[in-house]
Amino acid sequence: MSATIQPQPGILQIELYKSGKSAVEGMEHVVKLSSNENPLGASDAAKVAYAREMHSLNRYPSSDHIELRTAIAQIHDLDADRIICGAGSDEVITFLCQAYAGPGDEVVYTEHGFLMYPISTLAVGATPVKVAEKERVADVDAILVACTPKTRLVFIANPNNPTGTMISGRDMARLAAGIPEQALLVIDGAYAEYVEGYDGGTALVDKLDNVVMTRTFSKIYGLGGLRVGWGYGPRHVIEVLNRIRGPFNLSSAGLASAEAAVRDVGFVDKCRKENARMRKWLTLALLELGIECDTSFANFILARFADEEQAEACNQALANEGLIVRQVAAYGLPNCLRITVGDEASCRRVAHTISNFFNAVLSEPTIEGPQ
Ligand SMILES: Cc1ncc(COP(=O)(O)O)c(C=O)c1O
């Protein structure tokens, strides 16, 4: 580290983000259940749109994203002028922090909230304020108590990653109504499409001037590799965010694939139903094995083990079978593993491997103490 060349305040406090593992040493075939990706892949329409783009790779992409914004607006019944697209919803989160927070400001997020909230906050020199949850569910009253005259942003993922829990529309409205007037509420809907009948917070955005919603194409749409996300908010916010957005922040392949993906409503429905079916199956299988887990509203399950040691050992047992799940100690959950709901075969393999793991633990001879 140079003594004279120093980064901006806050940057060195950032813990490096570790993404979900995708390989096990010495193993050729693995099942990746560590990044909440769609096991069914992307829709065929999105793949066709992607392939079509190879004929014009020399051209810069659209700068205003009008076709994608129009498609999103039509499908979700929104105002296209109030949508902003980013390189993943990560980028929209970054824009929000850059635009609304700086040194001396506070950004509130929940105890087991997505790690990009504190990272993006520290990157702009602002102060992250972590608020305790109640049994792994966001606590609206505690969030309101944590807000101060310095609060500029309040992030809440609904459903939340990595807990999979969510709060009701009524609680969200109470939160929006209760935060200080200089603060924006950001509802992160990365997993909103997995919840049957849930609007992701759009009605609240339409009703209020202080609420923004973020969404992604990385999860149910199966386009994580292309980095496309979007935000929906009041006109004054979207106008501000567009000022700091790079003119060509999305690739032509990403834009075209996302547009086709959002229009393929049938594929999304199929993925939602299949996820719900396998999530229920895997949750029951885990509960039967004595592993506690909350009802998940997303495409993953947070499995709670007796302690950190047991979670670590089970993670290793799964890895030995080529099943990669996510350790979530960085989220303050060292005794847990977050398991993405995979296809049926993967879910069965996960349950089978964990069952074998417990059988092996139970049959281990107990070490005798000194006589
Ligand atoms: C809650 C939450 N928000 C946002 C994101 C970012 O997704 P992306 O940048 O791929 O759109 C994720 C990704 O895991 C997430 O879990």
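**The shell around the ligand**

Tutor: Sorted by class, the ligand shell holds three nonpolar, eight polar and two charged residues. For this sorting, Ala, Val, Leu, Ile, Met, Phe, Trp, Tyr, Cys and Pro are nonpolar, Asp, Glu, Lys and Arg are charged, and the others, Gly among them, are polar. The model is predicted, and local features need pLDDT of at least 70, side-chain atom pairs count only at pLDDT 80 or more, while totals for chains, interfaces and linings use all residues. Residues are numbered from 1 along each chain as its sequence is written.

Student: How many residues surround the ligand, and which are the closest?

Tutor: A residue is near a molecule or strand if its C-beta atom, placed from the backbone, lies within 6 Å of it. Here 13 residues surround the ligand, and Gly88, Asp90, Asn161, Thr216 and Ser218 are the closest. Helix α3 (residues 88–100) gives the largest share of this shell, three residues.

Student: What does the secondary structure of the protein chain come to?

Tutor: Helices (H or I, at least four residues) and strands (E, at least two) are DSSP runs, numbered from the N terminus. The protein chain has 12 helices and 12 strands.

Student: In what order do the strands of the open sheet stand?

Tutor: Two strands pair if DSSP finds at least two bridges between them. Seven strands form the open sheet, in the order β2-β8-β7-β6-β5-β3-β4, with mixed pairing. β2 (83–86) and β4 (127–131) are at the edges; each has a single partner strand, so one side of each lacks a neighbour in the sheet. From one strand to the next, the twist averages 20°.

Student: Which helix packs on the sheet?

Tutor: Contact means that the C-beta atoms of two residues, placed from the backbone, lie within 7 Å. Axes are lines fitted to C-alpha atoms, for helices over the stretch in contact, and angles run from 0 to 180 degrees between N-to-C directions. Helix α8 (residues 235–244) packs on the sheet and touches β2, β6 (184–188), β7 (211–216) and β8 (229–232). Its direction makes about 30° with that of β2.

Student: In which sense do individual pairs of strands run?

Tutor: There are examples of both senses. β2 and β8 run antiparallel and are joined by four bridges, with Cys85 opposite Trp230 in β8. β6 and β7 run parallel, also joined by four bridges, and Leu185 has Val211 in β7 as its bridge partner. Strand β3 (residues 106–110) pairs with β4 in the parallel sense over five bridges; Glu106 stands opposite Thr127 in β4.

Student: Are the faces of β2 covered or exposed?

Tutor: A residue is buried if 20 or more other C-beta atoms lie within 10 Å of its own, exposed if 12 or fewer, and partly exposed in between; C-beta atoms are placed from the backbone. Both faces of β2 are covered: Ile83 and Cys85 on one side, and Ile84 and Gly86 on the other, are all buried. In β7, six of its six residues are buried. Val211, Met213 and Arg215 point one way from that strand, and Val212, Thr214 and Thr216 the other way.

Student: Which backbone features deserve attention in the loops?

Tutor: Consider omega, then phi. The peptide bond from Asn158 to Pro159 is cis, with omega near -5°, and the one joining Asn161 and Pro162 is cis with omega about 10°. Pro159 is in the loop between β5 (151–157) and α6 (169–178), and Pro162 lies in the loop between β5 and α6. Asn161 is also among the closest residues to the ligand.

As for phi, Asn36 has a positive value of about 55° although it is not a glycine. Asn36 has 24 C-beta neighbours inside 10 Å and so counts as buried. Asp77, in the loop between α2 and β2, has a positive phi near 60°. With 9 C-beta neighbours inside 10 Å, Asp77 counts as exposed.

Student: What radius of gyration does the protein chain have?

Tutor: The radius of gyration is taken over C-alpha atoms, and the globule rule is 2.2 Å times the number of residues to the power 0.38. The protein chain has 21 Å, which agrees with the value near 21 Å for a compact globule of 371 residues. Buried residues make up 45% of the 371 residues.
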